[in-house]
Amino acid sequence: MPAVAVERHEHAVDEHRPTPRRHRLRPVEAFAFVAVCLLLLRPWLAPLFASRAAATWLTIFVSIAVQALPFVALGALLSATITVLVPPSFFAKALPRRPALAVPVAGACGALLPGCECASVPVASALVRKGITPAAAFAFLLSAPAINPVVLVATSVAFPGHPAMVAARFAASLVASVGVGWLWLRFGRADIRTPRRAHLDELPRWEAFVASMRHDLTQAGGFLAIGAFGAATLNVVVPESVLHAAASVPLLSILALGLLAVVLSICSEADAFVAASLTGFSLTARLAFLVVGPMVDLKLFAMQAGTFGRRFATRFAPLTFAVAVCAATATGGLIWGLR
Amino acid sequence: MTGPRAELQGVILTLAGGTLLRIALDGDYTRYVKASAKPYLLAAGVVLAAVGLITLVQALRRRPYERDPAQRDHEEHRHGRFDVAWLLAAPAAALLLFAPQAIGSYQAMHAGSALPPAPISPYPPLAPPDAAGDPTSISVVDYASRAVFDHGKSLGARMLAMTGFLTKAPSGWYLTRMVVTCCAADAAAIKVGIDGAVPAGAADDTWVRLVGAYEPRTEADKVNGAVIPYVAASDIAVVSEPANPYES
């Protein structure tokens, strides 16, 4: 997109002296130009989505975005509230001072945010900016979409014959998120990118609130679109029959459903119903699907990379995946065995 | 805080929020998400559009564009970086320009058939025939569950009416309906084999109303080996796509 780079050398010029200004394309103007082109070219673009595979891809792409935007909006509202209205001292009092204790407390607090993973990324980012130990904020980020009441009720409805699934999901998700938090505390590097947003402090409160909302909505929404793009692509390209070849091998089936959860990027409020329909797989493998999904998936990875930096996400996501699969395997193995 | 970057974000948020409101109000949203998501879409649409419109009002009131030093510093370090907000316009543009259709036979043939889990309690009896007598309307997923798990006991010899779309089967046709829990990405296919003749000119994704009765025959799904029940069709009529293309 040409628009963003255009104004750069403007600042090199001494601004006190009137300089002959060339016209520069502002982002809004570039956007209007792109919109006009799309409208004019629509009859020639439509055939691109005429094939059944492309039409299915477009529907899934749009659906993931539409489905997740209400949760992004909820996350942005909470994040703006934390950023602008809640004083930092509140969190200093609410959480234990020792980071090693703050991690499990923050992880357990995840049960209080009734949403899915799209809501928790902006909230976790706001918590880090407010000075919470990053490891504790990450424990919250991972546990919130998995152990809140809405998700647990959905899980119990999806598995009417297996009441232990709800307890197993709660336990394995909490263990995994606290585990990742502690590992990050011990081995994690501090190179997390969290824009400080000092400029918000100079604004009147409600303007700061709107600015924070605007930032979170567009950034989380933009990265959500990237994730939806990847998830829709894999959803259409990877045939489901590949998966069922793995169903009969105990440990491989756990790994296969863990990877499926990453690829499908299903909202944590719906994933239990998908897991319930994977009847060819063991309960332990389906538990892995439920534990991994809310913690690592393509759209979440894109959103984390956008919020905390790509270097962070490329380390954090594999670590989380490994810990989540181990926690699910151990929990499921204890309850049902590996088959 | 209404630099050029914020202005663009305001336009895109207005676009995305307005699109959410439009699909929620005109009913197209049922192609993409579950029907009960409407209030959430309306709320999110209002929030996005409100933030966008407030941004635009702020931008108008600050004309000519002021550059105070703090703000310039803030914006300066971001110049040259692509603003990911552009991508939020992509789903909105796809919805407004191409109005994607509901998931259909393509996905139904690529995904295995997926019935909800067998219930613990027995199936309740079907609604009694009304004054006009049978057929009694039943959802495709309800028929398939009763046929597979209950072996048709609760269906008996009743005449039933189901609405779904056609999917080309290895032999013959399936009456198909997608079940959506949250959004179309989690759509699962319910397939019922049709024992009977489909209307001439029928094709994949043709919506039909089928009248028929339970038949014990089953077959295995080619994709995941799940059981696909059959129905003995006595009448199949082409209909238009229902307001909610998915069952839940």
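Contact is taken here to mean heavy atoms within 4.5 Å. In this predicted model, 80% of the contacts in chain A between residues at least 6 apart in sequence join residues that are at least 24 apart. Chain A contains 15 helices and 0 strands, and of its 339 residues 56% are buried. The accessible surface of chain A amounts to about 14,500 Å², with carbon and sulfur atoms accounting for 70% of that area.

Helix 14 of chain A, spanning residues 298–308, is mostly covered, since buried residues, defined as those under 20% relative accessible area, make up 9 of its 11 positions. The buried set consists of A:Lys299, A:Leu300, A:Ala302, A:Met303, A:Gln304, A:Ala305, A:Gly306, A:Thr307 and A:Phe308. These buried residues pack against helix 2 (52–85), helix 5 (117–129), helix 6 (134–147), helix 9 (205–237) and helix 15 (310–336) of chain A. The N-terminal end of helix 14 is capped by A:Asp297, a side-chain oxygen of which lies 3.2 Å from the backbone nitrogen of A:Lys299, and the helix is followed by A:Gly309, which has a positive phi near 105°.

On the surface of chain A, a nonpolar patch is formed by A:Val36, A:Leu40, A:Leu41 and A:Trp44, which together present about 470 Å² of accessible area.

The interface between the two chains brings 72 residues of chain B into contact with 68 residues of chain A. Between them the chains bury about 6,300 Å², of which 73% lies on carbon and sulfur atoms. B:Trp86, B:Leu97 and B:Tyr106 supply 11% of the area that chain B buries against chain A, more than any other three residues.

Polar and charged pairs also occur across this interface, with 9 residue pairs in polar contact, both residues being at pLDDT 80 or more, and with 3 salt bridges. In one salt bridge, the side chains of B:Glu7 and A:Arg26 meet at an N to O distance of 2.8 Å. The side of chain B that touches chain A draws at least two residues from each of helix 1 (4–26), helix 2 (38–61), helix 3 (69–76), helix 4 (85–98) and helix 5 (105–110) of chain B. Helix 1 of chain B gives the most to this side, with 12 residues.

Key:
Residues are numbered from 1 along each chain as its sequence is written. Chains are lettered from A and ligands numbered from 1 in the order in which they are written. Side-chain values use heavy atoms; hydrogens and water are left out. Patches are made of residues with over 30% relative accessible area and no salt bridge: like charges are joined within 9 Å, nonpolar side chains (Val, Leu, Ile, Met, Phe, Trp, Tyr) within 5 Å. Accessible areas come from the Shrake-Rupley method with a 1.4 Å probe; for residues, only the protein chains shown count as cover. A salt bridge is a side-chain nitrogen of Lys or Arg within 4 Å of a carboxyl oxygen of Asp or Glu. Buried area is the accessible area (1.4 Å probe) that two parts lose on being put together, summed over both. A polar contact is a pair of N or O atoms within 3.5 Å; within protein, one must be able to donate a hydrogen and the other to accept it, and residues adjacent in sequence count only if both atoms are side-chain atoms. Helices (H or I, at least four residues) and strands (E, at least two) are DSSP runs, numbered from the N terminus. Buried means under 20% relative accessible area, exposed over 50%, partly exposed in between (1.4 Å probe, protein chains only).
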